[in-house]
Amino acid sequence: MSTNTKLPSGFFFGFATAAYQIEGSPTALGKTPSIWDTFTHERAPNGKHHIKDGSSGDVSTDSFNRWAQDIALLKSYGANSYRFSLAWTRVVDFRPNAQKTLYHWDLPQALQDRYGGWLDRRIVDDFVHYARICFEAFGDLVAHWITLNEPWCVATHGYAHGISAPGRSSDREKSTEGNTSTEPWIVGHNLILSHAYAVQLYKQQFAASQGGSIGITLNSGWYIPWDESPDCVEAAKRALDTCLGWFADPIYKGYYPSRMKAMLGDRLPEFSPDDVEVVKGSSDFFGLNAYSASLCQLGGDDETNGKVKMGYVRPDGTELGNQASVPWIQDYPEGFRSLLTFVWKTYGKPIYITENGFAAKSDALPLEQALHDTDRINYFRGYTRALTEAVLEDGADIRSYLAWSLIDNFEWADGYTTRFGVTYVDYETQKRYPKDSANFISQVRFFFSMNSSIHTSDIAALVASYFNWALMGVFGLQVFTHTSTSKSLPAIGVWNGIGAICDITIALSMPYYLMRHGTGFRSTHIMIVKLVGLIIETGILTAIVAILHLCLYFAGLPEFLVPGIIVSKLRHDLAAENTDLNLSSPGSGMHVETARARGMRRNTGGNIVMGKRTMLIRMEDYPRDPEPIHFRPSVEDEKRIQESKVAAERLFDGSAESPRGRAESRTSTEISDPIFRAV
């Protein structure tokens, strides 16, 4: 088990979107059609619309025009990262005689028409050309490039099942063209090559000057044996190899999984030796889109998931978790943790979670109810907890968490019938409404902004700092209100009462502090233990201060305590120490700084040592030798000053004794020295 106790410095937290799903404005800035523009406006051979509700992305959330609103939402949610895609048909014009270019999900229809798009090796050159344009135009602004998003979905949904653009399939009710047994593997192979050669270009010509990183985003669930039988164990491994290893193994290891080779034979293309050199190791990180988990059994007939039957019902009839509004997601955070740990241990690259989200059933309710998306909150709570456990307990190197999605949008084949956003969009008015999950996810962001662990000793130091501020604040109040020694016992009660209130406030505020500034806790119970320790420690501190005040009172000593130092001297002691002294009336404030105190302050650089604990005294706001504080006494005070001077002279020459002894005379000096202002 790793000894890592913190999330990495610079952890990215935010949201993800995609161009076609949110932009609208399909012809703005000279944009030419993509395969999704074509696919959403056509019908299948059986007469049915390709999209569930017959919609398209022509308008969507109108983010092409309302981008400022979306950026404002990002800021309000506390995001420090935003993943979006470029609509490459806005970047490169595909009208006749225009440059050849490439793809990012929404393949230019011109390339599909010209040579079949991803089915032809020529797409590699076009993709690299497009990548060059983007690197040159935006490279100084982009820290992390992602070449392709979910190539598994591109190959299977678009060329096997016919449910995504370009809609090719062997099922003639869905498509008049396509071959499910061969095309997905050809497309997948060309996707890998396009990615790898674009990365090679970036590494050779742009990385050194631009300083960014580049990788790919793959999608996968976690696949669990339905029972412990060898067949089910094999089914889970085969599903993982086909859904994740299909693209991950070549990119990070240099070859296709053996189970895929055995299943497909010569239908699976091979990499040439030159291709292997470029493909292997062609990603700086592991981008991961993950949503759910599945129970696996042998016996399926779909090669794109390894001929595995998948479901959510266990042998005992229970289900993995709460069902989303879409059939392919159930809430199962344990699977998310297992997937993250597997990816880290298998491929050894930093993991960037680029999508994770939940389609809540409450989204279909009227607006007032849809905003209270409890199921989505529960999903985020479990999955973010699983992420921290994968980091802190399993040692996974995870560097980002991006929720899908910032706003409701066009969800591909589902159209607008499915919502994933933490922001509700009224598609008729385009008005945005934050859901409860937006508030929750912005609070979770505090955890992911933590760069260092905090232990009980750190919390104690924080408490001591707050407590010192409280003590000095009450002391200043005493000086300001001219509290006399004859009224010091009530002052002690007020002092300790305010101190107790301060302790309670600190204790109640610590959960927020832990979330905002970092903790290193491995699970909730660890945080509770630390919080209890905090309360106990502050309680002890309060008790010690209260007892010390009482002891000082009954001993006739002043109650003005700065932790670790009791700055109280008899006047003749002050004189012997070469004191800068400016007297005022008894019971009111005066400035006292002894030569010894100045020397200690200078020698320690402002660090006043008390026992085993060091308290930092902030010095920058104050001069090294502050000017004495002068008061303008009243007529009554002038008379009292004269009486005090006479009494002081009698005390110094030993000709008089206070009724309570020399200790009484010490209480006539109250110390108000700004050098002891603690932080």
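Visitor: Is Arg 168 buried or exposed?
Guide: Arg 168 has 14% relative accessibility and counts as buried; the term means under 20% relative accessible area, with exposed being over 50% and partly exposed in between (1.4 Å probe, protein chains only). The structure is a predicted model, in which local features need pLDDT of at least 70, side-chain atom pairs count only at pLDDT 80 or more, and totals for chains, interfaces and linings use all residues. Numbering starts from 1 along each chain as its sequence is written, and side-chain values rest on heavy atoms, with hydrogens and water left out.

Visitor: Which residue forms a salt bridge with Arg 168?
Guide: The partner is Glu 177, and the closest N and O atoms are 3.3 Å apart. A salt bridge is a side-chain nitrogen of Lys or Arg within 4 Å of a carboxyl oxygen of Asp or Glu. Glu 177 is partly exposed, at a relative accessible area of 47%.

Visitor: And how many salt bridges are there in the structure?
Guide: The structure holds 23 salt bridges. One of them joins Arg 259 and Asp 241, at 2.9 Å from N to O. Arg 259 belongs to helix α11 (residues 258-264) and Asp 241 to helix α10 (residues 230-252), so the pair ties together parts 18 residues apart in sequence. Helices (H or I, at least four residues) and strands (E, at least two) are DSSP runs, numbered from the N terminus. Asp 241 is buried, with a relative accessible area of 15%, while Arg 259 is partly exposed at 27%.

Visitor: What does Lys 435 form with Asp 363?
Guide: Lys 435 and Asp 363 form a salt bridge whose closest N and O atoms are 3.0 Å apart. This pair links distant parts of the chain, 72 residues apart: Lys 435 is in the loop between β14 (431-434) and α16 (436-448), and Asp 363 is in the loop between β11 (351-355) and α14 (367-370). Both residues are buried. Through shared partners, salt bridges join Asp 363, Asp 373, Arg 376, Asp 408, Arg 419 and Lys 435 into one network.

Visitor: New topic. At what angle do α6 and α8 pack?
Guide: Helix α6 (residues 122-138) and helix α8 (residues 183-205) pack at about 35°, with axes 9 Å apart. Axes are lines fitted to C-alpha atoms, for helices over the stretch in contact, and angles run from 0 to 180 degrees between N-to-C directions. Residues in α6 including Phe 127, Ala 131 and Phe 135 meet residues in α8, among them Leu 193, Tyr 197 and Leu 201; contact means heavy atoms within 4.5 Å. The residues of this contact divide into 11 nonpolar, 4 polar and 1 charged. Here Ala, Val, Leu, Ile, Met, Phe, Trp, Tyr, Cys and Pro count as nonpolar, Asp, Glu, Lys and Arg as charged, and the others, Gly among them, as polar.

Visitor: How do α10 and α13 cross?
Guide: The axes of α10 and helix α13 (residues 333-347) come within 12 Å and cross at roughly 30°. By class, their contact has 8 nonpolar, 1 polar and 1 charged residues.

Visitor: What is the mean pLDDT of the protein?
Guide: The mean is 76, and 63% of the residues reach 70 or more. Over residues 94-102 pLDDT falls below 50, although the stretch has 35 contacts in the model beyond near neighbours in sequence. pLDDT is the predictor's confidence in each residue, from 0 to 100.
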